[in-house]
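Open the structure in your viewer and keep the sequence panel beside it. Each stop below says what to select and what is there.

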Amino acid sequence: MSYARYFGRLLRDSGYSVAKGLAMPLVRREAVRSGAHAMSYPISTYAPWQADPEFQEIYREVRKNTLVDIWRCYELWSLVGELRQVAGAIVEVGVWRGGSGALMASRAAQLGLAEPVYLCDTWEGVVKTGAVDTYYHDGKHDDASREIVAALVARLGLTNVELVQGIFPDQTADRITDGALRICHVDVDVYESAKGVFDWAWPRLARGGVAVFDDYGFPACPGVTQFVDEQRGRGDRLVLHNLNGHGIVVKR
Ligand SMILES: C[S@@+](CC[C@H](N)C(=O)[O-])C[C@H]1O[C@@H](n2cnc3c(N)ncnc32)[C@H](O)[C@@H]1O
């Protein structure tokens, strides 16, 4: 790939997208000026997602249904495989049009994992924005629906998915009766929702299971970054910062 294409893609994938809105360049510049952020370009070139035909086949099917870039999608895909020995359900809160959730469910189905994959969303957009969430407002990402996700799930032939509509955990957590969780993917953009989901999931997470926070370190999501950083320094959890924008909390 030429450098021009590489940097073109980097710019596109790192946020100059319609989904994140026209204000993003300003938000990013402000974040970098604050001294707490910098534009980080990994110099590692290893790209296993390019040489993984099973991943590529599913990614092609879901890519138009996701705001999550290929690097984070591949990490979710890999984690489902890495954690195949950890028994428990997979929960995603923050589904939008279903891409990242369907990707995890496809991998779980390929591996023959017995437990369901719960895809939970209001399908009316983000909720619980507060003072720390300077970029987001309630209702953002309301351009999705349960029907769009159901159609994707059907197209992929998935039978391990349950769609759960409403504010999580307040209105819908009682729909998840499984005793243990393997993975909780938290993609809700703002502090209070991230906290609500994690506080519900943590006691249910199996040992060795993970909570994966999307948008960790994204300049538009300071609430998510703050919440993940609050998990550091505790003996029962390991907090990992991935430069792709995932904050991963592993239960020891
Ligand atoms: C960035 S989008 C999720 C992107 C998705 N994972 C993908 O593959 O593109 C965030 C979603 O979180 C949902 N959401 C935010 N807070 C929520 C909550 N507390 N309960 C349920 N859904 C929530 C919004 O409705 C929105 O669809």
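Predicted model: local features only at pLDDT ≥ 70, side-chain atom pairs only at ≥ 80, totals over all residues.

Residues are numbered from 1 along each chain as its sequence is written, and side-chain values use heavy atoms, with hydrogens and water left out.

**Stop 1**

Select residues 146-155, which make up helix α6. Helices (H or I, at least four residues) and strands (E, at least two) are DSSP runs, numbered from the N terminus. The buried residues of α6 are Val149, Leu152 and Val153. Looking down the axis of α6, you find its buried residues within an arc of 100°, so they line one face of the helix. The arc is that of the directions from the helix axis to the C-beta atoms. On the other side of α6, Glu147, Ala154 and Arg155 are exposed. Here buried means under 20% relative accessible area, exposed means over 50%, and partly exposed lies in between (1.4 Å probe, protein chains only).

Now show what surrounds the helix. The buried residues of α6 pack against α3, α5 (99-111), β2 (117-121) and β3 (161-165); contact means heavy atoms within 4.5 Å. After α6 comes glycine 157, with a positive phi near 70°.

**Stop 2: aromatic rings**

Rings of Phe, Tyr and Trp (its six-membered ring) pair if their centres lie within 6.5 Å; planes under 30 degrees apart count as stacked, over 60 as edge-to-face and the rest as tilted. By this rule there are 11 aromatic pairs. Select phenylalanine 213 and phenylalanine 227: their ring centres are 5.9 Å apart and their planes stand at 55°, so the pair is tilted. This pair links distant parts of the chain, with phenylalanine 213 in strand β5 (residues 205-214) and phenylalanine 227 in helix α8 (residues 222-229), 14 residues apart. Phenylalanine 213 is buried at 0% relative accessibility, and phenylalanine 227 is buried with a relative accessible area of 2%.

Which residues do ring pairs link into a cluster? Select Trp49, Phe55, Tyr59, Tyr74 and Trp77 to see them.

**Stop 3: salt bridges**

Side chains of opposite charge can pair when their charged atoms come close. A salt bridge is a side-chain nitrogen of Lys or Arg within 4 Å of a carboxyl oxygen of Asp or Glu. How many salt bridges does the structure hold? It holds 11.

Select arginine 72 and aspartate 69, which form a salt bridge with their closest N and O atoms 3.0 Å apart. Are arginine 72 and aspartate 69 buried or exposed? Both are buried.

Next, select aspartate 143 and arginine 97, whose side chains meet in a salt bridge (3.5 Å, N to O). The pair links distant parts of the chain: aspartate 143 is in the loop between β2 and α6, arginine 97 is in the loop between β1 (89-93) and α5, and they are 46 residues apart. Aspartate 143 is partly exposed at 41% relative accessibility, and arginine 97 is partly exposed at 24%.

**Stop 4: a leucine in a loop**

Select leucine 83, in the loop between α4 (70-82) and β1. Leucine 83 counts as buried, at 9% relative accessibility. Leaving out residues up to four places away in sequence, leucine 83 touches Arg182, Ile183, Gly208 and Val210. Leucine 83 and valine 210 are 127 residues apart in sequence, and their C-alpha atoms are 8.7 Å apart in space.

**Stop 5: backbone details**

Select phenylalanine 168 and proline 169: the peptide bond from the one to the other is cis, with omega near 0°. Proline 169 lies in the loop between β3 and β4 (181-186).

Move to tryptophan 96, a residue other than glycine with a positive phi, near 50°. Tryptophan 96 sits in the loop between β1 and α5 and is buried at 12% relative accessibility. Aspartate 189 also is not a glycine and has a positive phi of about 75°. Aspartate 189 is in the loop between β4 and α7 (191-201), and is buried with a relative accessible area of 5%.
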